[in-house]
Amino acid sequence: MSILDRKLRRELTSSLGLLLAIVSIMAVGVACYISMASNYRNLQEAKTRYYAQCRMADFSIELKKAPLADLEDVGELPGVAEIRPRIQFFATVDLDGFARPLNGQVLSLPDRREPVIDDVVLRRGSYFTDRRENEVIVNDAFAAHHRLQPGQWIHLVLNNRRQEMLIVGTAISSEFAYLLGPGAIVPDPEHFGVFYIKNSFAEDAFDFDGAANQVLGRLAPGMGNRTGETLDRAERILAPYGVFSTTPARDQASNRFLSQEIDGLRAFAVVMPAIFLGVAAAVINVLLSRLAEQQRTVVGTLKALGYTNAQVFFHFLKFGLVLGVIGAALGSAMGYGFGGMLTSQYRQFYEFPELNNHFYTDLHLTGLAISLACAALGSLRGARAVLRLKPAEAMRPKPPRIGHSVVLERIGWLWTRLSTGWRMVLRGTLRNRMRTAAGAFAAAMGAAVLTNGFMMAQGTNYLIDFQFEWVQRSDVDLTFKDERGREALWEAQALPGVDLAEPVLNVAGDFRHGPYKKKGGITGLVQDARLTVPRDLEAKPIPIRAVGLTMSRKLAEILHVEQGDVVEFQPTKGLRDWLALPVVEISESYLGTSVYANIEYMSRLLKEEMILSGVQLATDNDPEHRAALYRELKTFPSLEAVNSRADMVANLRETLIQSMYVFILIFILFAGIVFFGSILNASLISLAERRREIATLRVLGYGPWEVGSLLLRESMITTVVGALAGMPLGYGLSWLTAVAYESELFRFPVVATSATWIATGALAVAFGLSAHLFVQWAVHRLDWLEALQAKE
Amino acid sequence: MSSTPTAPTAVLLRFERVGKTFTMGEVAVEALRDVSMEIHRGEILAVLGPSGSGKSTILNIAGGLDTATTGEIWFREHRLSDFSPAELTCYRRDTVGFVFQFYNLVANLTARENVMVSTEISRHPMDPVEALRQVELEERMDHFPAQMSGGEQQRVAIARALAKNPALLLCDEPTGALDFATGKRVLRLLVDLKNRLGTTVIIITHNAALAQAADRIIRLRSGQIVETHVNEAPTPPEEIVW
């Protein structure tokens with residue numbers, strides 16, 4: 001070890017606390033990078049493998065019913081490699097020992113195993129056998145949740161008939177990597193499952209002999225960018241059979257959520273490390289500049305002894321690089337650990353045949369490289385400063401800094417009212433511009449991370465409140481397989497414990513406004529509906545008008561519609577005429593692209609008596625009534641789905657909010673490290689620089705707390721100014737996140753309340769104060785008598 | 001601690017068999033051995049001795065910057081050696097003024113503000129401008145230390161010390177960093193302070209010539225008092241040559 005390296009080693013070990021503060025900021029940055037980039041790869045590779053394994057569809061077309069022979073025409077379209085007709089329905093599931101009827105999606109699979117589009121991966125048991133018709137393969141998560149085993153019998157209500165089905169196996173499929181029931185945003189394996197039945201059995205059960213109501217398709221290689229065109233053609237061919245929706249893979253719910261998560265990880269793998277490593281570079285910059293200044297005479301002596309500029313420069317640069325290496329090593333270990341935690345978090349939401357956290361050597365090397373780069377960048381200013389020194393000049397003590405007044409002094413009335421302590425603090429803050437800027441930058445980044453974390457939590461809460469407390473207010477929703485008349489409402493009203501029943505009519509169809517088109521639907525509600533209440537941006541209720549549509553903002557944007565415009569709508573069922581409908585209100589919605597209208601207005605347009613496709617119920621809270629209600633619903637005619645809002649909200653809060661809290665805790669921890677590290681660094685450097693000044697104050701009769709308060713005020717000014725600047729940055733970050741995640745399925749509300757700002761500010765101050773405890777301890781420990789006598 | 005006036009010959013500070021041992025690593029260094037002395041109100045006491053003789057240690061103990069290892073120190077009727085760190089802080093704040101060889105001004109503050117650092121925390125302070133007038137620096141009061149000469153900086157330091165109306169002014173080589181003429185001017189200032197305000201001044205120095213201006217001179221060697229000399233006719237600073 002060269003003598004300079006020995007000097008370096010001793011300098012490093014003598015200021016261990018300070019270095020730890022910087023190294024932990026770097027380590028957090030590297031850990032963020034490693035954990036997020038690793039998970040990006042874990043998910044991306046798992047997704048690619050899984051999609052290939054299941055032969056994931058490139059598109060799907062949902063329609064009322066079409067003969068298989070006519071569906072084959074879609075397979076002939078240019079660019080289409082292969083299609084698979086499928087029968088799919090929603091059904092209720094009657095599980096012994098479970099009060100509530102559960103919801104399921106029933107999908108047909110070939111009777112004999114063959115590779116098909118949107119195939120399944122068996123987890124337990126086997127594929128269908130030849131022994132019986134009524135065999136079912138249950139999706140693995142639902143089976144696991146209800147402890148269902150191959151060999152057990154369950155009851156599915158298919159086409160109004162209660163069918164006894166034997167479970168032969170459990171399976172997963174890539175189209176349900178993120179398993180969502182209708183209208184849900186998080187998987188709920190307790191209440192929603194997927195049930196695969198034999199194609200022949202499906203044809204019988206649903207009266208679909210030689211027909212199907214869904215087409216899955218794969219495109220020829222290289223045709224991915226022409227999906228829209230292909231789907232338009234397919235739709236034209238299938239138009240006579242009533243196309244409900246055409247879905248390119250991009251918009252397939254599971255794929256959409258998964259892809260967005262993966263894209264989000266990729267973005268965060270850049271943004272978060274950039275924040276932390278940027279702060280680390282700023283903090284190193286301050287430290288190294290101070291070191292260079294402090295070692296002025298040493299530098300002069302080294303140069304006088306014949307050390308070259310390059311040797312001295314690299315000696316100082318090495319100081320930063322050592323920090324970079326230690327930070328990267330710690331960050332690598334932490335990142336691998338966090339990565340594993342994140343992967344297991346993803347396993348809770350996403351179902352893959354295999355999702356493991358891997359050790360990617362190249363990512364760890366990249367982590368090391370960016371850590372070193374940022375350390376070198378941070379050290380550059382300090383290291384360059386030593387180059388400029390001429391030996392003779394360097395060996396003389398540095399002339400005192402020229403004192404001059406600061407901007408604030410021009411505000412005479414203010415300045416004269418300040419105590420000398422405050423004047424010292426303000427002058428110190430304004431003169432050490434680089435240090436103040438670095439501190440404020442760190443505080444801003446810390447505050448931005450905190451604000452972003454809090455806003456994510458508040459946004460999630462707000463979304464749940466808005467959609468599931470304010471807009472949807474029913475306790476139980478019933479969806480019918482086919483439209484029913486007014487009598488269904490009376491039947492529902494008569495169910496046990498029902499206080500209020502309101503009809504709902506969902507009509508699927510196409511919207512058109514000039515050149516803009518969109519598949520969707522209209523939900524008919526009664527005039528003064530109390531169980532579904534559309535709301536505006538401020539969450540104020542919007543009444544359902546007698547005539548015209550209340551359209552969600554997202555759909556209005558897609559169709560370029562404003563309030564008062566007229567859109568065209570072609571229902572998928574009935575006469576299928578294009579109707580011109582005025583948009584009378586624009587409503588806010590964070591899920592889907594809902595459109596509301598008066599149910600009687602809708603029925604009139606469809607030229608029908610009042611019809612309904614579902615009923616919403618408000619019930620009392622009597623558990624016995626609820627049990628009786630569920631019992632009766634198990635035999636309620638034509639029921640396709642039963643949803644309990646309470647169950648849905650409970651699941652949402654449990655899954656979303658809990659994982660959100662984990663993330664927020666991590667955010668707070670990371671922000672804490674940034675605040676703590678940068679404040680500690682700045683204050684300890686300030687303390688070291690002003691030992692003599694502080695000793696003088698102690699001699700003059702200032703107590704250690706009074707001296708400490710000077711340092712505290714300095715760090716607090718920097719922290720508060722930085723945090724104030726960081727809060728809008730955090731808001732911007734949340735806004736960018738919301739924009740990045742915005743889709744037709746899901747929008748993330750950007751919500752900041754006074755609680756956001758107060759919590760961010762309070763935490764910033766709390767971190768500042770806790771860092772100051774260490775500084776105060778150092779002030780108490782300072783041997784000021786020695787500092788007083790030491791030569792400057 | 002009260003600063004009630006006492007008779008001119010009253011004892012302000014008394015050292016009784018004071019010893020101080022520093023432990024540096026494994027070596028114990030005896031800085032003071034059995035030092036007993038009295039400092040009277042309103043006198044200028046010069047403590048002379050070569051470096052390492054224990055001058056600074058006496059000053060530090062007298063000023064409440066450091067504590068003795070053995071013996072007792074009395075300030076008026078208070079036993080200083082029993083003071084807690086907090087009480088010592090109060091003692092320094094209200095009773096003692098310090099002047100250092102290298103001034104120890106706060107670089108960030110103007111002359112006036114440097115004086116205010118002291119007046120803001122003391123109980124019966126002088127007006128900072130008045131204190132600067134006493135050292136003939138009221139014209140330069142808005143200058144920063146870096147804009148002043150060494151003599152001016154030392155005068156600011158003296159103004160800072162006397163602005164709190166201290167009972168005891170402790171000066172550590174007050175002219176050590178100054179040229180001859182400036183040094184004499186600073187010395188004159190200290191003598192004037194004593195004459196006009198009755199301040200007790202202890203000057204420690206290794207410059208024997210300087211001691212001619214003192215009322216009493218104590219010589220130290222190796223931590224012990226080797227000579228106490230009463231100077232019946234102190235030499236005016238202007239006539240001292242070194």
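Good morning. In this predicted model, chain B has an average pLDDT of 87, and 96% of its residues score at least 70. The exception I wish to mention is the stretch of residues 1-8 of chain B, where the pLDDT is below 50. Beyond near neighbours in sequence, that stretch has eight contacts in the model. Where pLDDT is low, the predicted coordinates should not be read in detail. For the model as a whole, the scores are ipTM 0.73 and pTM 0.81.

Let me stay with chain B and turn to its sheet. Four strands form an open sheet in the order β2-β1-β4-β5, and the pairing is antiparallel. Which strands of chain B stand at the edges? They are β2, residues 27-40, and β5, residues 78-79; each has a single partner strand, so one side of each is left without a neighbour in the sheet. Further in, β1 (residues 11-24) and β4 (residues 70-75) of chain B are joined by five bridges in the antiparallel sense. Across β1 and β4, B:E16 is found opposite B:E72.

I now come to the contact between the chains. Chain A contributes 21 residues and chain B contributes 23 residues. On the side of chain A, α13 (420-431) and α20 (691-700) each supply at least two residues. Of the elements of chain A, α20(A) gives the most, with six residues. By class, this side of chain A comprises eight nonpolar, eight polar and five charged residues.

Next, the domains of chain A. There are domain 1 (16-56 + 252-399), domain 2 (57-249), domain 3 (432-473 + 646-792) and domain 4 (498-619). The centres of domain 1 and domain 3 of chain A, taken over C-alpha atoms, are separated by 21 Å. Their contact draws 24 residues from domain 1 and 25 residues from domain 3. Which helix gives the most on the side of domain 1 of chain A? That is α7(A), with 16 residues. The side of domain 1 that touches domain 3 divides into 15 nonpolar, seven polar and two charged residues.

Finally, I turn to a pair of helices in chain A. Helix α19 (residues 645-689) packs against helix α22 (residues 754-781) at an angle of about 35 degrees, and their axes are 9 Å apart. The crossing of α19(A) and α22(A) is right-handed. Among the residues making this contact are A:F675, A:F676 and A:L680 of α19(A), together with A:F767, A:A771 and A:F774 of α22(A). The contact holds 15 nonpolar and five polar residues, with no charged ones.

Thank you for your attention.

Conventions
Residues numbered from 1 in each chain as written. Chains lettered and ligands numbered in written order. Predicted model: local features only at pLDDT ≥ 70, side-chain atom pairs only at ≥ 80, totals over all residues. Contact = placed C-beta atoms within 7 Å. Nonpolar A, V, L, I, M, F, W, Y, C, P; charged D, E, K, R; others polar. Pairing = 2+ DSSP bridges. Axes fitted to C-alpha atoms, helices over the stretch in contact; angles between N-to-C directions. Left-handed = near helix turned anticlockwise from the far one by under 90°. pLDDT = per-residue confidence, 0-100. Domains from an automatic or database assignment.
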